[in-house]
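Subject: Structure handover

Hello,

Here is the structure I promised to pass on. Please open it first, then read the notes below.

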Amino acid sequence: MMLGVCYYPEHWPESMWQQDAQEMRQLGLQYVRIGEFAWSRIETCDGEYSFEWLDRAIETLANEGLQVIMCTPTATPPKWLIDKYPDILPVDIKTGTTRGFGSRRHYDFSSENYFREAMRISTVIAERYGKHPSVCGWQTDNEIACHDTTHSGSLVAKLAFQQWCKDYYQNDVEKLNTAWGNVFWSMEYQNFEQIELPILAVTETNPAHQLAYRRFSSDQVVKFHDAMVDIIRTHAPNRFVTHNFIPLVDTQTDNFALAKNLDFVSYDNYPLGRSDMFFKHMPAEQFKPYMRTGHPDFSSYSFDQSRGVSNKNFWVMEQQPGPVNWAHHNPRPEKGMVRLWSWQAFAHGADCVCYFRWRQVPFAQEQMHAGIKRNDNSKAAAWAEVEQMRDELAKVDFTISDPVQAKVAIVTGANSQWVTEIERQGDSYNHQRVEFAYYSALRQLGLAVDFVSVDHDLTPYALVVAPCLPIVPQAFVDKCQQAKVHLVIGPRSGSKTDELSLVPTLAPGVFQALVPVRVLSTETIRPDCSEVLHFNGAKFESQCWREELELADGVNVVATYHDGNPAVARHQNTSYVATLTCDIFLLEYFKTLATELDLTILTLPKDVRVVQRGQYTYLFNYAGYPQTVPSELQGQYVLGSASLAAYDVAIVKLA
Amino acid sequence: MMLGVCYYPEHWPESMWQQDAQEMRQLGLQYVRIGEFAWSRIETCDGEYSFEWLDRAIETLANEGLQVIMCTPTATPPKWLIDKYPDILPVDIKTGTTRGFGSRRHYDFSSENYFREAMRISTVIAERYGKHPSVCGWQTDNEIACHDTTHSGSLVAKLAFQQWCKDYYQNDVEKLNTAWGNVFWSMEYQNFEQIELPILAVTETNPAHQLAYRRFSSDQVVKFHDAMVDIIRTHAPNRFVTHNFIPLVDTQTDNFALAKNLDFVSYDNYPLGRSDMFFKHMPAEQFKPYMRTGHPDFSSYSFDQSRGVSNKNFWVMEQQPGPVNWAHHNPRPEKGMVRLWSWQAFAHGADCVCYFRWRQVPFAQEQMHAGIKRNDNSKAAAWAEVEQMRDELAKVDFTISDPVQAKVAIVTGANSQWVTEIERQGDSYNHQRVEFAYYSALRQLGLAVDFVSVDHDLTPYALVVAPCLPIVPQAFVDKCQQAKVHLVIGPRSGSKTDELSLVPTLAPGVFQALVPVRVLSTETIRPDCSEVLHFNGAKFESQCWREELELADGVNVVATYHDGNPAVARHQNTSYVATLTCDIFLLEYFKTLATELDLTILTLPKDVRVVQRGQYTYLFNYAGYPQTVPSELQGQYVLGSASLAAYDVAIVKLA
Amino acid sequence: MMLGVCYYPEHWPESMWQQDAQEMRQLGLQYVRIGEFAWSRIETCDGEYSFEWLDRAIETLANEGLQVIMCTPTATPPKWLIDKYPDILPVDIKTGTTRGFGSRRHYDFSSENYFREAMRISTVIAERYGKHPSVCGWQTDNEIACHDTTHSGSLVAKLAFQQWCKDYYQNDVEKLNTAWGNVFWSMEYQNFEQIELPILAVTETNPAHQLAYRRFSSDQVVKFHDAMVDIIRTHAPNRFVTHNFIPLVDTQTDNFALAKNLDFVSYDNYPLGRSDMFFKHMPAEQFKPYMRTGHPDFSSYSFDQSRGVSNKNFWVMEQQPGPVNWAHHNPRPEKGMVRLWSWQAFAHGADCVCYFRWRQVPFAQEQMHAGIKRNDNSKAAAWAEVEQMRDELAKVDFTISDPVQAKVAIVTGANSQWVTEIERQGDSYNHQRVEFAYYSALRQLGLAVDFVSVDHDLTPYALVVAPCLPIVPQAFVDKCQQAKVHLVIGPRSGSKTDELSLVPTLAPGVFQALVPVRVLSTETIRPDCSEVLHFNGAKFESQCWREELELADGVNVVATYHDGNPAVARHQNTSYVATLTCDIFLLEYFKTLATELDLTILTLPKDVRVVQRGQYTYLFNYAGYPQTVPSELQGQYVLGSASLAAYDVAIVKLA
């Protein structure tokens, strides 16, 4: 388990580099990521390269024993390139306006000119540093797809989409018309050149059309990214290649596909900025206790997802060290939280945590974003916590290959998100919130959770949960049967064909082989009009999304609606939850189920979380006051103790 | 009283048609509407027609004795036509962006190319099926003007508007400048070719300019529609022609003009979807009891308006049979509500109720919209209720020509809506909500209500209510005087000239002949800053819109503001309400007035509604529990009884 | 102290002019402003002038002894001019859409065509009326920059911005790149022709780029305006030149620069419309008492700012006389408020108050805006209050040159507003609200307040308050030291360089010479997540913006956060407030400080305000009930008495 930092030598006078490198080493940092926004300094104008400064910067870092992670600078094409090829600029799909130069990510994944130029600069840099002894690995681009850049409404995007459709539907436009149901509103095409992007129409466009466009856009990102990975691999043998992902729901890309050719996934972890946005409608009394910590399950939700995408350990490439600049409100972390988040990353499968950034930059867009050092070169609040990490990491005997071993898996994937974003049906359905609610309930019980795709091996698991899985391959059903897992399916699951049509046998479609129920009707209701949900003799809440179930003989009723109709049904080892619920129901429901499945659950104090990785169990106290962990967690404490201080961490080798 | 259904043979394999037709007949359906979105199947490319499939579909229906309502398919021009004439696409008036192909209604009423092509396809279809023995009637286009398509910001719209202005102002631009008051901000035009659409300006455009643009846009819709009606009449002798209207406030068209050449008006009735949107700011505790029924006065409000537009009975062309897909939240109807809404439509003057749609379609935009059958061809929840309708209709001896006989009329019209939308003055004034509040108060008293235009004969009425009538023709005042009705005028009435200027004698302008008051000033206040309104010794609320009145001698004060000044004034048989009020005031006010006017009012249980049509009185219980109707309603019950079950209907021939 | 009115002879039949003029005289009005929207009547088409009507209008007014204020009509270029030079139209920076003809202010300050044409018409009018004996002064344009017209996204604006950058950075693009920190995201330019406007980019543009664009846009407005002032001065010797400003925060222009060449500043005072918008999120129970008066400090806030901009007395060019038409809600003023606002303007340094408008106009955009007369020529509510003003002014012996003498100054300026708008950091920071909160606290203590720029002489003051001053010239620090004032600095102050970078020594930067503290970190928090602030043994609130302070030895802690850390620090006679606070804290804090500084403060009844101008002290009761002023305010009452009726005014020469 290692530490690193993000560094921008081009932002600082060369006279500061030497001291920076020395201090990094002293702070216990091993990795330094550089270069991802430096195109205008590397190629100052068309074809004129300037590498000497970068050579010297790497040299300076290397001299202190630091390992460099080099980036391709393609997230920020310089002005001269934009002026040469204006079709690089993407087009806003909500307005049709060109999105101009002046910030970052101003490129269209469908621009052939940009594709060629991006690969050219990647090649030039990979050629120069690919075999550099101090460049140990590579990061592609930067936070690909952020700022809603996966989708573009440009002419080049339209032409590429037409070609994609031609390929996808084997040059048979009738196949496309049928697959999409274009007859519905006389939307039939006679040839592929007629196909429009599903944007800026009079009213809602065809959901199948939208889904195809999302798949196309995702494929464009993956194609761009894969080509870059290939270039790096060609010129940088035996170096790792990774990418710093934003939260997976925000990429609008199939992250499993995007991560496929990477050595591992990296994640940029900003718990406070993200919490401010994710929980912005949360009442103050609920939000305030977490405003400087993030929700106890929020960071680990991203960590577990990052681990899941490539089914192996991951890195945190950017770890928030203090207040950021881009959320609606940007609080400072409570003292101790930078350490807590770092340990939590390791506990959930990180092999390295890099802090963003070394020093707060005094100019431009992110000047209010904290660093480990302040812009006057003094040490910021995070400094001492990184020092503590350095010292604590040295004290504990880790094995880097230690896995997180989960008996519970949550099935996720781009299709589920896309289908539910395209087909709102009720404004209050939010795929991410549903998934998070299920995840948080499991985590509160102390259960480790893997995120898996429908293609994943299910045999390691006792419990597989699909909070929302509208499109289901038959193979997934087969695997569930073979793996003998208990499967819990949330509402909407199995309801759609691969082309976003209704399944012909009613929902849950192919899942009916596991749980013979039929969804007779689906309704959505206002979030403030919840109704009673009966379970285990107690009252909970049915909310927002409610399905009417017909049960085959032998199917058991687990929970019922206010009117006595079944809300949760079960057949053998498959359960179908036909409604969204309050969080407390999920907690009680999974407590009951885990007990039955002989999964070890814990009764944890509120805001304490526990996870096991390898031989160690990690304990985290998100509360602002001391708490004592339950007696099951006794053993040899290699860090801290069973009495956790506020915002504290402990590590125990269980007895 | 008859039943029908909307059917899309082109969405289903031909092998299913026969069984569909048979089941329709068995379900007691008599009418089947078809064809309104089938252009791409009828004319697969330019000039190549394909009618055989449609011939066979009609044949199949006819063989079961079903009557076909044929539609012109002009709501969905196919892609090849758009590509041939790109000026068909309308332009968004809020953004200036072209509204593209990919959904429906993607046409500009001012496109001469589209006008010609729409009339061509209408002619072709009318020629083919106009005299078909099983095609009993025609529907024009579909939900004309929905999705905000009356207004376009295109070049063709601008040119057509210039011509309209030239005609309207007799080719005299000074007449236009004077009428609009263009001198105000140097907005004077020197010729008609200079005239812009009143959109996308730096700040608010001239209200008179906006009103002219709305009148022009409405005229364009009517012109388009009238031409289509003429074509149908030419080729389809002795068939009825109707159109399926959306709620009248949403067309942005003068519906009285639009309906003029039709045999009758049809209405598309979606009480739950519309309620979700209309009442979206209603607190949950008020909304929740109605979330699966709609407000008790909401459907009838539309029914009475539909009857009023052409002053005769109407059809429901599309009746919601289950959850829809397009509102913010889409609950299922309570069991019994499809029947209740159907009976309520009949009770308020419908001659036929058609359900939308026969079977839930598995693909495209409306796949989550319920049908009478589910997409797996099983019978959905509404099926049994339609069966019940079939049986009940057979049991009661109706006369189709039975009228609804109302002694109360509400005056409505496009001008009133347009003026109040153009001139907000206070954000919380909403013409539809004001009108609905007046309507609901009258309905809660058991009073039948007609909606009439200012041109309507007033002699049938004892009470005429104009909740909002800013522009008043002198002829209307004359008619009020001659008819000796009691007239109640709401705030803003009589305040504007026909060109949306202030009337020279202060409001209520020409109404001063009936009630000699002067509006000295008008204020609008925040909806949360209501003040006391004194009436009949009790306290109510004055809200949002408040006018200061000066009363001539002999005018009586009926209600007063918190400061003692007059809020409601009366002179002989005309009353002027100078403020918006709470709903409960309107109830008390009309109770007092109706008593004085010897109108029979009822004291109904909450959520019970009553209306008389012909010899029968219809009773509806919108509550989820049984209620007993008052003893005045005793008589011969031909359906149900005086004890209404939850969501139940009864029909009584009063003693 | 004088009265006047805004009049539009072109809106009325010439036959009414004579009676209007006579009544104006009788009402005690001395000044009549005319002509600012009359371009289309003065130049009916290109080069064809029509002045006779205007000559006659002036003659009619002059014959009654009225003095005319003539305007340049450049706020409303006529249609023929727009058609001749389409590049006059500005472009919306949020959408890229051209903002069309049809309202007003449809011109781009960077259009060279418009600049030339605007100066041409100004010259023509100034030549004709510059020496007219009855034209005593001139108003330039009208409410320059309102409707967000300072910024344009047009091509002409881009070209002018590139030239501005070239000048500002001495033709050295590297100087610009360094100043802005363009290296940050490869945003470096190679030449000035590459520079884009900082709009419509993929995400946030460079703050320094945005600041430069705001400075450029402001300079364009000032350049346009100065050229017009020069023309008037050339042709209109010995006449005053003024401009009617909108609230200073809304111009997006450096008002100190804009006012520089004017004889005095005028202000358009609409307390109710502005209050409705400024306080729109205020709960009803707080807002309702002021909905017909405005907040007691709201008008005076604008008055004091208007006086401050040119450091001399000002005019109110437009005073709201009744309900307006443009706010979200438009209540009528309480009876007495038109008089109260008028007296309050005088008390805060106005030399003349003109009412807008003479008579309510029946047509076009502002037909719902009240006048002194109604559109039927009857006398509106304000008439009697103006009569009362006329009579009261005659009774009191004023000296027009009497100054407001304040011992307290608030430092303001465009840079502060721009920096905080560009760099939100927390959504709930609002520069104007912060400044108003400080102002209101001081006013509640009876303290007179000057608004000053950083260039202002500080020697008159005992207390200088900078609620928000991110960019601080060293000279200002020097002046503070020399003037020996007590300086109170709010959060964010001193934090930025002149190019919107972080100061190298941490905030408060150059202020550290006065108060040696360092801002170690800055956080923003949700407005509903306030925390405790300890001061003087009581608990207040720390809100929204919170800075972590490090204090040098000898710096005192004045108030502390919930965690005991310093929130307000003080060193000698400089105090640093590191957080936003509740209003009641500011009141207590300034009470303590003013007492220490021997400033006379008053304990006023709620909603009573007091200000001294010259020999008189003016008392205002904003409450709807009588209140008695404290005994310190005894003396010779020249108007009213110490017992103030509701909405009443009194004037006392203190004993």
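In which loop of chain B is B:Pro508 found? B:Pro508 sits in the loop between β14 (486–489) and β15 (517–524) of chain B. A cis peptide bond joins this proline to B:Ala507. Omega there is about 0°.

One caution before the rest: this is a predicted model.

Most peptide bonds are trans, and most residues other than glycine have a negative phi. A few places in this model stand out against that background.

Chain B has another cis bond to look at, between B:Phe356 and B:Arg357. Omega is about 5° in this case. B:Arg357 lies in the loop between β10 (350–355) and α14 (381–395) of chain B.

In chain C, go to C:Asp148. C:Asp148 is not a glycine, yet its phi is positive, at about 55°. This aspartate belongs to the loop between β6 (135–139) and α6 (155–168) of chain C.

**Annotated positions in chain A**

Which residues of chain A carry the UniProt annotation "active site"? They are A:Glu143 and A:Glu318, and the annotation comes from an unreviewed entry. The two are spread over 176 residues of sequence. In space they cluster, with a largest C-alpha distance of 10.4 Å. A:Glu143 is in the loop between β6 (135–139) and α6 (155–168) of chain A.

UniProt, again in an unreviewed entry, also lists "domain: Beta-galactosidase C-terminal" for residues 607–653 of chain A. That span is 55% strand and 0% helix. Its end C-alpha atoms are 21 Å apart.

**Domains of chain A**

Chain A is divided into four parts, as follows:

- Domain 1 takes in 2–73, 115–151 and 214–395.
- Domain 2 runs over 155–208.
- Domain 3 covers 408–596.
- Domain 4 spans 608–654.

How far apart are the C-alpha centres of domain 1 and domain 2 of chain A? The separation is 38 Å.

**How the copies are arranged**

Two copies of a chain are related by a rotation about an axis and a shift along it. Take chain C and chain A. A rotation of 120° superposes chain C on chain A, with 0.0 Å of shift along the axis and an RMSD of 0.0 Å. The two copies are therefore related as by a three-fold rotation axis. C:Thr95 is the residue of chain C that comes closest to the axis, at 4.6 Å by its C-alpha. The copies use different surfaces, as 2% of the contact residues of chain C recur in chain A.

Now chain A and chain B.

**Contacts between chains**

How many residues does each chain give to the contact of chain A with chain B? Chain A gives 42 residues and chain B gives 50 residues. On the chain A side, α8 (207–235) and β16 (517–524) each supply at least two residues. The largest share of that side, four residues, comes from β16(A). By class, the chain A side holds 17 nonpolar, 17 polar and eight charged residues.

The contact of chain C with chain A takes 42 residues from chain C and 50 residues from chain A. On the chain C side, α8 (207–235) and β15 (517–524) each supply at least two residues. β15(C) gives the most to that side, with four residues. The chain C side divides into 17 nonpolar, 17 polar and eight charged residues.

**A helix pair in chain B**

Finally, look at α6 (residues 155–168) and α8 (residues 207–235) of chain B. The two helices pack at an angle of about 105°, with their axes 10 Å apart. α6(B) and α8(B) are therefore roughly perpendicular to each other. From α6(B), the contact involves B:Ala160, B:Phe161, B:Trp164 and B:Cys165. From α8(B) come B:Ala212, B:Tyr213, B:Phe216, B:Asp219 and B:Gln220. This contact has seven nonpolar residues, one polar and one charged.

Best wishes

Methods:
Residues numbered from 1 in each chain as written. Chains lettered and ligands numbered in written order. Predicted model: local features only at pLDDT ≥ 70, side-chain atom pairs only at ≥ 80, totals over all residues. Contact = placed C-beta atoms within 7 Å. Nonpolar A, V, L, I, M, F, W, Y, C, P; charged D, E, K, R; others polar. Least-squares fit on C-alpha atoms with pLDDT ≥ 70 in both. Domains from an automatic or database assignment. UniProt positions renumbered as here; feature names shortened; annotations may be inferred. Axes fitted to C-alpha atoms, helices over the stretch in contact; angles between N-to-C directions. Parallel < 35°, antiparallel > 145°, perpendicular 65-115°, else oblique.
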